[in-house]
Number of protein chains: 2
Amino acid sequence: MRPFQRRIMEVKARAPGKIILSGEHAVVHGSTAVASSIDLYTYVSLRFPTPSDNDDALRLQLKDVGLEFSWPIGRIKEALSEKDIPNSSVPTSCSIESLRSLAALVDELKIPEAKIGLGAGVLAFLWLYSSIQGYKPATVVITSELPLGSGLGSSAALCVALSAALLSFSDSVNLDLSHQGWLTFGESELELLNKWAFEGEKIIHGKPSGIDNTVATYGNMIKFKSGSLTRIKTNMTLKMLITNTKVGRNTKALVAGVSERTLRHPEAMASVFSAVDSISTELATIIQSPAPDDLSLTEKESKIEELMEMNQGLLQCMGVSHASIETVLRTTLKYKLASKLTGAGGGGCVLTLLPTLLSGTVVDKVTSELESCGFHCLTAAIGGNGVEICFGDSS
Amino acid sequence: MRPFQRRIMEVKARAPGKIILSGEHAVVHGSTAVASSIDLYTYVSLRFPTPSDNDDALRLQLKDVGLEFSWPIGRIKEALSEKDIPNSSVPTSCSIESLRSLAALVDELKIPEAKIGLGAGVLAFLWLYSSIQGYKPATVVITSELPLGSGLGSSAALCVALSAALLSFSDSVNLDLSHQGWLTFGESELELLNKWAFEGEKIIHGKPSGIDNTVATYGNMIKFKSGSLTRIKTNMTLKMLITNTKVGRNTKALVAGVSERTLRHPEAMASVFSAVDSISTELATIIQSPAPDDLSLTEKESKIEELMEMNQGLLQCMGVSHASIETVLRTTLKYKLASKLTGAGGGGCVLTLLPTLLSGTVVDKVTSELESCGFHCLTAAIGGNGVEICFGDSS
């Protein structure tokens, strides 16, 4: 244990959510997709009790849903097999036996039926916590600006922020604890952190693509194709209105639906995927092109709007739109704003580009019209920083 | 003049409207499109006065709009140059001078401002009449089940029906006048008639594609690609709900918009057009496949519905949809019916497949819901007969 840990016993980490700018669904069939971070975060604060607190429990507070859980640290140690010796520098998958034991601990919690989906997140928390920090009492508080399960990468943001907080008090990471304000990690530390977060994502999602945790870790944007991720840096600030239709959807069924359509109409769908690939490639080129003067920023935004409209048409061609998404499209179109669904479709979230020169009055109007339809709107800048931490001094 | 003309002095002709089943816009960029006739007709009745009528005027009645025009036959003769010697067997383009002289005649008519668009049709009428029948008095009555200027080929149906009526009293055509009921023309007569109708279409539209008059002449369906038309025969009866949004649109501007988008995003749009080409080809294959049993008819209909939905997504990708079209899509989707715009888009008409097993109650419900939005609905069987004539005995 490093000497300064005696003094600094609290850390706060935040990791951003993500949106898919282009290429969802088509990416499964070999097209390029582009994802971006958004400046909406999940926050994890981790505090170790002082000896005088005389506390030997691991406590988890989920502030947004008003839930609080705690486990005597001994029970967690019992649950995990002796093989599970914590080693923060080696990201390890949760074995089926460990998953079963931890699930038994989660089952004991009184999670309300309506929030039962949180169980997987609690499981991932227990695994990451015990794997990185071992069996130490602590209090972890989680809050988030990201709506859960709406395709904005809330679970990845949680796993990344949690891994960041946990690793910042481990021997695997070397940080300047005297730094004031938000602090970023070094490259190799981000890599380690991203791998741990991916282990958490596996517990929550089964077979995650790794896109969400990579965006939450590194921020900015990534281009991905055939399983390989390339980080790209945007040279322009884009603002998006994100409308959460609150319509739940079955991602697996939507992905399967596109695959079935592809089997029925292989030639047409191959061309559709190829069109999406061109759109993503063009989008990435625009985003990475050198910083423009005011005029060409507007031109770039118009091009991006057109590419979004085109991508949306192609998603409709794949059959993954939804009446709620169409309502958002129609509403924003009235204000001459371009929109597309983001993520799996069939409900979920819709992106609307808010051009730089758009007046705040229009944003207010379109937002209130969308919210009067029962949707929830968020505004976000895209392509910002990835995970960051901030040390509190609780000595 | 043939002897029986002394007795039979009246003929009625009808020609069908058309819909574009797939490939509009993309056809301009080299994709295959499929058009079909619909069982909604424009009717032209032509009656020559008996000597006892003592009438030397050419009269035109447009029943649907309540307009009636007449010209002393001598004035038409004066208007046309001496070069314009009628020859029904040689379809001739209206020269610029003749067009100007006829336009002067039309300008004298008191066509109400709101119906000024009819002027071009009256011009085409005067040209076809004088070219095929020469300078004879007659009364021509026109009625139509097709809404004007909504992309259903009303002008072509007029030109075809008119040419049919005029040619049936010419030396160029040989018909069995004793036939009762609707009668079709022979192959070479249809070819002649189609060419004359195309001359009329040129007066109305400037540069028509020839698709509309070909469908109105031959009926059934045609596949067209890069300017060449192939007649195809459907082996299944398909019923369509045609919703006229009554939103006027600028076809030229819409076509130009797609071309501009293609210049901005050449690769993506090439893939989009290629997807449309595959859809049209697949659609033509399904339509021409041998007559099915009940089950596979349903399967075929499902495939056609899916192809329509895909084509609509691609049209949205090209940027030619419209809020009114989206309203129709959303409304029909509530009843699990697939729709796509037909023709230029930006308003105009929307097709909705009415599957064979769909109950009449559902059709009534969706129709009344669409009409409550201010739209007008028509139901049509597609792929039926082309132009036909019927002789009346007015002796």
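Reader: At roughly what angle do the axes of helix H4 and helix H5 of chain B cross, and is H4(B) parallel or oblique to H5(B)?

Author: In this predicted model, helix H4 of chain B spans residues 154–168 and helix H5 of chain B spans residues 187–205. Their axes come within 8 Å and cross at roughly 135°. Because of that angle, the relation of H4(B) to H5(B) is oblique.

Reader: What is the handedness of the crossing of H4(B) and H5(B), and how many nonpolar residues does their contact have?

Author: The crossing of H4(B) and H5(B) is right-handed. By class, the contact has one charged, four polar and 10 nonpolar residues.

Reader: Which residues of H5(A) meet H3(A)?

Author: Helix H3 of chain A (residues 119–133) and helix H5 of chain A (residues 187–205) have axes that come within 8 Å and cross at roughly 145°. The crossing is right-handed. Residues of H3(A) in this contact include A:Leu123, A:Trp127 and A:Ile132. Their partners in H5(A) are A:Trp196, A:Gly200, A:Ile203 and A:Ile204.

Reader: How many charged residues does the contact of H3(A) with H5(A) have?

Author: Sorted by class, the contact of H3(A) with H5(A) has nine nonpolar residues and three polar residues. The number of charged residues is given as no charged residues.

Reader: What area is buried between chain A and chain B?

Author: The contact involves 27 residues of chain A and 27 residues of chain B. Carbon and sulfur atoms give 54% of the buried area. In chain A, the residues that lose the most area to chain B are A:His265, A:Met310 and A:Arg330, together 24% of what that side buries. The area buried between the two chains is about 2400 Å².

Reader: How many salt bridges does the rule find across the interface of chain A and chain B?

Author: Side chains of opposite charge can pair when their charged atoms come close. A:Arg261 forms a salt bridge with B:Glu309, with the closest N and O atoms 2.7 Å apart. Over all chains the structure holds 28 salt bridges. Across the interface of chain A and chain B, the rule finds six.

Reader: How many residues apart are A:Glu388 and A:Arg14?

Author: A:Glu388 and A:Arg14 form a salt bridge whose closest N and O atoms are 2.8 Å apart. The pair links distant parts of the chain, with A:Glu388 in strand E12 (residues 388–392) of chain A and A:Arg14 in strand E1 (residues 10–22) of chain A. Their separation is 374 residues.

Methods
Residues numbered from 1 in each chain as written. Chains lettered and ligands numbered in written order. Predicted model: local features only at pLDDT ≥ 70, side-chain atom pairs only at ≥ 80, totals over all residues. Heavy atoms only, no water. Axes fitted to C-alpha atoms, helices over the stretch in contact; angles between N-to-C directions. Helix = DSSP H or I, 4+ residues; strand = E, 2+ residues; numbered from the N terminus. Parallel < 35°, antiparallel > 145°, perpendicular 65-115°, else oblique. Left-handed = near helix turned anticlockwise from the far one by under 90°. Nonpolar A, V, L, I, M, F, W, Y, C, P; charged D, E, K, R; others polar. Contact = heavy atoms within 4.5 Å. Buried area = accessible area lost by both parts, 1.4 Å probe. Salt bridge = Lys/Arg side-chain N within 4 Å of Asp/Glu carboxyl O.
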